[in-house]
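Here are some friendly notes to read alongside the model. Please keep the viewer open and look up each residue as you go.

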Number of protein chains: 2
Amino acid sequence: MGIENKKWILKERPSGLVKDSDFELVTESLPEIQEGEILLENMYLSFDPTQRGWLNDVPGYLPPVQIGEVVRSGGIGRVLESKNADYKVGDLTFGFVGWQTHCITKPEADDRFRVVPELLPIPTMLNVMGTTGITAYYGLLELGEPKPGETVLVSGAAGATGSVVVQLAKLKGCHVIGIAGGKEKCDWLKEVGVDDVIDYKNSNVHEELPKVAKNGVDVYFDNVGGKILETVLYLININARILLCGGISSGYDATRPPDGPNNLFSLIIKRATMQGFLVLDYLSRSQPALEEIATWVLEGKLQHREDIQEGIENCPQTLNRLFTGENKGKQLLKI
Amino acid sequence: MGIENKKWILKERPSGLVKDSDFELVTESLPEIQEGEILLENMYLSFDPTQRGWLNDVPGYLPPVQIGEVVRSGGIGRVLESKNADYKVGDLTFGFVGWQTHCITKPEADDRFRVVPELLPIPTMLNVMGTTGITAYYGLLELGEPKPGETVLVSGAAGATGSVVVQLAKLKGCHVIGIAGGKEKCDWLKEVGVDDVIDYKNSNVHEELPKVAKNGVDVYFDNVGGKILETVLYLININARILLCGGISSGYDATRPPDGPNNLFSLIIKRATMQGFLVLDYLSRSQPALEEIATWVLEGKLQHREDIQEGIENCPQTLNRLFTGENKGKQLLKI
């Protein structure tokens, strides 16, 4: 008799925040693994805003999750059985393990599964050394090219990616402005050294931003999308770099998003660049980033925090936390 | 007694299209020129959409024209008198000569005045070898990096910049789609080799564009701004480059422009870049571009046409032609 797997499959496509009834929690008995396959016991699941987009029937950078399929999600599991020479029983493995307690997969060379060294606690690795950290590292340092003394503005600054971005910007000698929702998140940002913090839930960003961005904005790392961009476009300096990393406020839901900024013309006047990017393009060369990030974490230069929910039955509600802003730091779920 | 100069000065700031009464045509007697100065007899004035922006009281990449000042405009004049060693009587000189029949200036090393060789007729030089050609050259070739077989889309394709862009893209082996207004302009675009032409005045761009951009859009050279961008964002390929060169439809007038595209999120999914640029940043290194453009013109590989109005009294109405779309090719005025 095989091992029992509990998995969430997509039942119908959600609209807005997800409901438990959009999915079904199914129990199945797993088959024997085949040549080349591994069996993982999933330990922690990672929740990222982009997962919500995969549930829509819209072509994207990855195919939509199909009705009846297990919900796609990153995570870390431990190898229980292996018929693959690259994976040993006991190896910690990162990959698209899905919303389930176990995962059978045949990792390929070009696949996104990889064995991770047990350098740091698993939640830490899923946070700063997972896609979140790699996103922040390449997005800010390679595309944003922040220079000492420049002003770096970050939206979603207390989120998983944003909180790494603000700290990397400080490490590079920049003046850093973070936008986040609520006193608790804003206090945490001040603790980790952010120079100016704007609480979008308790103040008017469009009025506050010009007051703190006294020298304009050189780099805007946008994790949320939406109307803040319009205000920022009035404040950018010559040769500013705007990095579009996420669109929590508009892009992941299938409903029609609000209109965009009416002042893209500012990109011309300021010879500025707006660039979208996906961490997937950087994963294959992420090793130097991971080593540098690990060093910063071990030296205490990079603070991080994880919001850990528990229990496979709580997957749908845990995803919603990213969109309601309830999560404090990187959203994870311990199985 | 000095030479008589007729000049248009700004009387009040216009709203929308300009009216003659926003300006005043003044006749003055010119003083003797001072050490370092030159006196030009202006021959042709160049009209560009950006000139309309200089009339608004809005900080831009150049200071606004002040009330009582002569209206700023590029053009070519011939040196009548010179007390500057770098300029000889008879030299053709390009620079911000202004809406006037004569111009006294003290050209500085970092100034935008320069002597131009009499290689081609003056209108041709003001067109393809003026800022228009340099804009097209650096914007498309250096920032857009078009590769053979890629699809290049150009709005305002029959305009001064656009008509050079489409031909450079063809010279680089691209599939070129041009958007222009009216049958006459569209026919001309087909004559110069544009693969697909969309007449925005007689068809629906949002419906037509997906039909002709069958392989998506790799480079969008946007000369007009506005809502076409939203449609293009649905069609861009991975690593697409969007170049913002102008905003005739929105950015030059001081009235509130319409909202922007609601799908900037597409820049993330497609890892695409949107970049604004100004030709001013390229003028100091424009020599290689000018030499290459001159070769193409002399070899008959680069078609061009100029729309030449006449008479200093017609400056204001000539500017409006750019915004009503009346101009056929580069808008000039012969004094």
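Before the points, one term: "buried" means under 20% relative accessible area, "exposed" means over 50%, and "partly exposed" lies in between, using a 1.4 Å probe and protein chains only. This is a predicted model, in which local features need pLDDT of at least 70, side-chain atom pairs count only at pLDDT 80 or more, and totals for chains, interfaces and linings use all residues. Residues are numbered from 1 along each chain as its sequence is written, chains are lettered from A and ligands numbered from 1 in the order in which they are written, and side-chain values use heavy atoms, with hydrogens and water left out.

1. Let us begin with how the two chains relate. Chain B can be laid on chain A with an RMSD of 0.0 Å, by a turn of 180° and a shift of 0.0 Å along the axis. The two copies are thus related as by a two-fold rotation axis. In chain B, Gly260(B) has the C-alpha nearest that axis, at 2.1 Å. The superposition is by least squares on the C-alpha atoms of residues with pLDDT of at least 70 in both copies.

2. Now look at where the chains touch. Chain B brings 32 residues to the contact and chain A brings 32 residues, where contact means heavy atoms within 4.5 Å. The same surface serves both copies, as 100% of the contact residues of chain B recur in chain A.

3. How much area do chain B and chain A bury between them? The value is about 2600 Å², with 61% of it on carbon and sulfur atoms. Buried area here is the accessible area (1.4 Å probe) that two parts lose on being put together, summed over both. On the side of chain B, Asn262(B), Ile268(B) and Arg271(B) lose the most area to chain A, together 24% of what that side buries.

4. Charged pairs also cross this interface. Two salt bridges are found between chain B and chain A; the rule asks for a side-chain nitrogen of Lys or Arg within 4 Å of a carboxyl oxygen of Asp or Glu. Arg271(B) forms a salt bridge with Asp281(A), and their closest N and O atoms are 2.7 Å apart.

5. Over all chains, the structure holds 32 salt bridges. In one of them, Glu184(A) meets Arg305(A) at 2.9 Å, N to O. Glu184(A) belongs to helix α5 (residues 183-191) of chain A and Arg305(A) to the loop between α9 (287-298) and β14 (306-310), so the pair ties together parts that are 121 residues apart in sequence. Helices (H or I, at least four residues) and strands (E, at least two) are DSSP runs, numbered from the N terminus. Glu184(A) is partly exposed at 38% relative accessibility, while Arg305(A) is buried at 16%.

6. Glu28(B) and Lys7(B) form a salt bridge, with the closest N and O atoms 2.9 Å apart. Glu28(B) is in strand β2 and Lys7(B) in strand β1 of chain B, 21 residues apart. Glu28(B) is partly exposed at 25%, and Lys7(B) is buried at 18%. Back in chain A, a network of salt bridges links Asp307(A), Arg321(A) and Glu326(A).

7. Next come the aromatic rings. A search of the whole structure finds 20 aromatic pairs over all chains. Rings of Phe, Tyr and Trp (its six-membered ring) pair if their centres lie within 6.5 Å; planes under 30 degrees apart count as stacked, over 60 as edge-to-face and the rest as tilted. Why is the pair of Trp8(B) and Phe23(B) called edge-to-face? Their ring centres are 6.2 Å apart and their planes stand at 85°, so the pair falls in that class. Trp8(B) lies in strand β1 (residues 4-10) and Phe23(B) in strand β2 (residues 23-29) of chain B, so the pair ties together parts that are 15 residues apart in sequence. Trp8(B) is buried at 5%, and Phe23(B) is buried at 3%.

8. The rings of Phe221(B) and Phe277(B) have centres 6.0 Å apart and planes at 75°, so this pair is edge-to-face. Phe221(B) is in strand β11 (residues 217-222) and Phe277(B) in the loop between β13 (273-276) and α9 (287-298) of chain B, 56 residues apart. Phe221(B) and Phe277(B) are both buried. In chain A, ring pairs join Tyr137(A), Tyr138(A), Phe221(A), Phe277(A), Tyr282(A) and Trp296(A) into a cluster.
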